[in-house]
Each structure stands twice: as C-alpha cells, then as structure tokens.
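Dear colleague,

Please find below the structure I am handing over to you, followed by my notes on what was found in it.

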Amino acid sequence: REDFYGSGLFYTLLLLPCALVPVVVVARRKKEAYDSDVEGNKIRTNNKLARKFLTAAKKELGNKEPFYLALEKALHNFLKAKLRIETSELSRDNIRELLLSRKADGDTVNDFSRIMDNCEFARYAPSSGTAMQQDYESAVSVITRLEKQIS
C-alpha cells in the first residue's frame with residue numbers, strides 16, 4: 001500500500017492554498033474597483049430599473065394607468081442610464097438636445113417624444129388595448145434604436 005506522505009495528492013493539497021492566494025487577491029481588487037465605480041453603478045442600476053419597468057408594463061398591458069406609468073418610468077430610467085443625467089434634468093428640450101448631440105437620428109428622437117406624449121395623454125384619456133400594445137412595441141423599438149445610436 002502507498003503512503004499518503006510524499007504522494008502527488010499530498011503535494012497538491014499542500015500547494016493548493018498557496019496557489020489560491022493570488023487568485024483571491026486579484027478577485028478582491030476587481031470587486032473593490034467594481035464597487036467603487038459610482039457612475040457605473042448608477043448606470044447599471046438605471047438599466048436594471050428600465051428593464052424592470054418594461055417588464056412591468058408588459059404585464060400591465062390591460063390596465064391603462066399602471067401600464068403607462070410603468071412605460072414612462074422605463075423610458076426615463078433608460079434615458080438616465082444612457083445620457084448620464086439626473087431626474088431633475090429630464091425636460092423635453094434637454095432630452096432632445098442631449099439625444100441629438102449624441103448623434104441620435106432625428107426620427108428616433110421624434111418617435112421617443114411621441115411615445116412620451118402618448119404616455120402622458122393616455123393616463124388621462126380613454127385608450128384601447130391595441131393602442132397600449134402599439135405603444136409598448138414602439139417603445140421597445142425606440143429604446144433598441146437609441147441603444148444602437150447613442151455611444
């Protein structure tokens with residue numbers, strides 16, 4: 001029978017902790033750098049919120065008020081993430097200027113404004129289920145196009 005002392009398994013178990021120390025140190029430094037990136041964390045949070053509100057809007061397709069509220073929040077959070085702006089800077093003119101300065105297509109910017117108008121108008125006026133479906137699909141389309149156009 002072979003002894004454990006001096007075997008390959010013995011040396012592997014002996015040297016494994018020494019090999020893992022540099023890996024743990026590098027991983028910890030990367031995590032600290034990731035956590036200290038305040039701007040990146042805001043962008044990631046706003047992206048998550050935009051996806052969350054788009055999902056919520058899709059679930060609320062039959063309910064007018066919650067649907068348009070969630071859709072509007074999704075659009076605002078998308079803009080906050082992409083343009084790196086705060087909620088206080090979300091005005092129509094400012095949004096238009098920032099999107100156009102970031103080389104967004106004029107038609108896409110107009111579509112975005114139209115969707116925002118639809119959200120505000122539909123919350124206070126009667127609307128149909130087909131209009132809600134069209135607004136949802138156009139919002140997803142505009143977000144996708146802006147994602148590709150804005151650098």
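A residue is called buried under 20% relative accessible area, exposed over 50%, and partly exposed in between (1.4 Å probe, protein chains only). Leu-16, with 44% relative accessibility, therefore counts as partly exposed. This is a predicted model, in which local features need pLDDT of at least 70 and side-chain atom pairs count only at pLDDT 80 or more, while totals for chains, interfaces and linings use all residues. Residues are numbered from 1 along each chain as its sequence is written, and side-chain values use heavy atoms, with hydrogens and water left out.

Leu-16 belongs to helix α1, residues 8–36 (helices are DSSP runs of H or I with at least four residues, numbered from the N terminus). Ala-50, in helix α2 (residues 38–59), is buried, at 7% relative accessible area. Its C-alpha atom is separated by 21 Å from that of Tyr-34, 16 residues apart along the chain.

Turning to the pocket: on a 1 Å grid over the protein atoms alone, a pocket is an open set of points where a 1.4 Å probe fits, with protein on both sides within 12 Å along at least five of seven lines, and lining residues have an atom within 4 Å of a point. The largest pocket is lined by 14 residues, with Ser-91, Arg-92, Asp-93, Ile-95 and Met-116 nearest its centre. Two or more lining residues come from each of α3 (64–83), α4 (92–101) and α5 (106–124); α5 gives the largest share, six residues.

With kind regards
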